[in-house]
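Subject: Structure handover

Dear colleague,

My notes on it follow.

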Amino acid sequence: MTDHVSVQTKDVATLRVWDPLVRMFHWGLVAAFATAWLTADEVQPVHEFAGYTVAGLVAFRLICGFAGSRYARFAQFVKGPGATLAYLGSMLRGRERRYLGHNPAGAAMIVALMLTLSGTAFTGWLMAEPDLVALLPALPQIVAPAWADDDGDEYGEGREVEGALEEIHETLANLMLMLAALHVAGVVLASVRHRENLARAMITGEKRAAEPGDIA
Ligand code: HEM
Ligand code: HEM
């Protein structure tokens, strides 16, 4: 399916790069994240439902990352720090090559987005289900004293953990907003540089077929 090349009107050969699952994942994630963001501290049941939807979508994407179609697989696009830095350097010089799948910078961003989303959803879950906190492994000794309550009463300690969780949850959510803005800026930049509408490609699944110099 991924190697199917079709000739469209205007004689531009295109290739199906993003399979339907990746596209549904992407726009579902955008909708769920936006909903979680907009309902935070406003409509708690909707916030939690949207947050769990984000977590479910990320879990689903992890499976596709190992068992999905060619360009959905992490092994196809996740690169080490060396290759990622080299790509960023070529971007600065305006000489980055066109990738049919995710480019190394986009791939690093995807890893950052998925990790931050997981952390946000996980801390939210812990806040919503305080009993779960007790099941976590004991905190390292360096952290524990800072959290210990003066009079050692359990209620006080619980409150402090809850406060710390809320702090982490909010910080991760704010970090997500920054990453998402950077992600969209990267999409716009790559679209301009390679003269193709990448947002549209994430809807149709189709991209211009590889040309000489491109990396398929
Ligand atoms: C409306 C704004 C957005 C647009 C136009 C957009 C567009 C895109 C495009 C074009 C790609 C493919 C990049 C490539 O060609 O390599 C992509 C990938 C991705 N985007 Fe976005 N994005 C948006 C918002 C978001 C947000 C808010 C998130 C996170 C909550 C997000 C998470 C991701 C992820 C995880 C991928 C990897 C897709 C995959 O391989 O499964 N995006 N996005
Ligand atoms: C991954 C997507 C999520 C995002 C972007 C997100 C974002 C936020 C933000 C920005 C706040 C801070 C609101 C404020 O105090 O100004 C917040 C609070 C909170 N979130 Fe989330 N959240 C997510 C997932 C979840 C999940 C999955 C749950 C639980 C099931 C959850 C539970 C909570 C709770 C309990 C609060 C504290 C509300 C309060 O009492 O002030 N969140 N979230």
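Two residues are taken to be in contact if their C-beta atoms, placed from the backbone, lie within 7 Å. On that basis, 65% of the contacts in the protein between residues at least 6 apart in sequence join residues at least 24 apart. Please keep in mind that this is a predicted model.

Overall make-up

The protein has eight helices and three strands. Along the sequence they follow the pattern β-β-α-α-α-α-α-α-α-α-β. Of the 216 residues, 15% are buried.

Helix α4 covers residues 81-92, and its twelve residues should span 16 Å at 1.5 Å a residue; the end C-alpha atoms are 16 Å apart, so the two values agree. After α4 comes Gly-94, which has a positive phi, near 70°.

The buried residues of α5 include Pro-104, Ala-105, Ala-107 and Ala-108. Further along α5, Thr-116, Leu-117, Thr-120, Ala-121, Thr-123, Gly-124 and Leu-126 are buried as well.

How do α4 and α5 cross? Their axes come within 8 Å and cross at roughly 125°. Angles from 65 to 115 degrees count as roughly perpendicular and those over 145 as roughly antiparallel, and α4 and α5 are therefore oblique to each other. On the α4 side the contact is made by Ala-83, Thr-84, Tyr-87, Leu-88 and Met-91, which meet Pro-104, Ala-105 and Ala-108 in α5. The residues of this contact divide into seven nonpolar, one polar and no charged. The three α5 residues named there, Pro-104, Ala-105 and Ala-108, are also among the buried residues of that helix.

Ligand 1

Ligand 1 is surrounded by 19 residues, of which the closest are Phe-33, His-102, Ala-180, Leu-198 and Ala-199. Two or more residues of this shell come from each of α1 (20-39), α5 (104-128), α7 (154-193) and α8 (198-204). The largest share, six residues, belongs to α1. By type, the shell around ligand 1 holds 14 nonpolar residues, four polar and one charged.

Ligand 2

Around ligand 2 there are 22 residues, and the closest are Ala-40, Glu-48, Gly-51, Gly-124 and Ala-173. The elements giving two or more residues to this shell are α1, α2 (44-67), α5 and α7. Which element gives the most to the shell around ligand 2? That is α5, with seven residues. The shell around ligand 2 divides into 13 nonpolar residues, five polar and four charged.

Ala-216

Ala-216 sits in the segment after β3 (206-208). Is Ala-216 buried, exposed or partly exposed? A residue counts as buried with 20 or more other C-beta atoms within 10 Å of its own and as exposed with 12 or fewer; Ala-216 has 14, so this residue is partly exposed. Leaving out residues up to four places away in sequence, Ala-216 touches Leu-100 and Ala-210. Ala-216 and Tyr-71 lie 145 residues apart in sequence, while their C-alpha atoms are 9.4 Å apart in space.

Regards

Terms used. Residues are numbered from 1 along each chain as its sequence is written. Chains are lettered from A and ligands numbered from 1 in the order in which they are written. This is a predicted model: local features need pLDDT of at least 70, side-chain atom pairs count only at pLDDT 80 or more; totals for chains, interfaces and linings use all residues. A residue is near a molecule or strand if its C-beta atom, placed from the backbone, lies within 6 Å of it. Helices (H or I, at least four residues) and strands (E, at least two) are DSSP runs, numbered from the N terminus. Ala, Val, Leu, Ile, Met, Phe, Trp, Tyr, Cys and Pro count as nonpolar, Asp, Glu, Lys and Arg as charged, and the others, Gly among them, as polar. The expected span of a helix is 1.5 Å times one less than its number of residues. Axes are lines fitted to C-alpha atoms, for helices over the stretch in contact, and angles run from 0 to 180 degrees between N-to-C directions. Angles under 35 degrees count as roughly parallel, over 145 as roughly antiparallel, 65 to 115 as roughly perpendicular and the rest as oblique.
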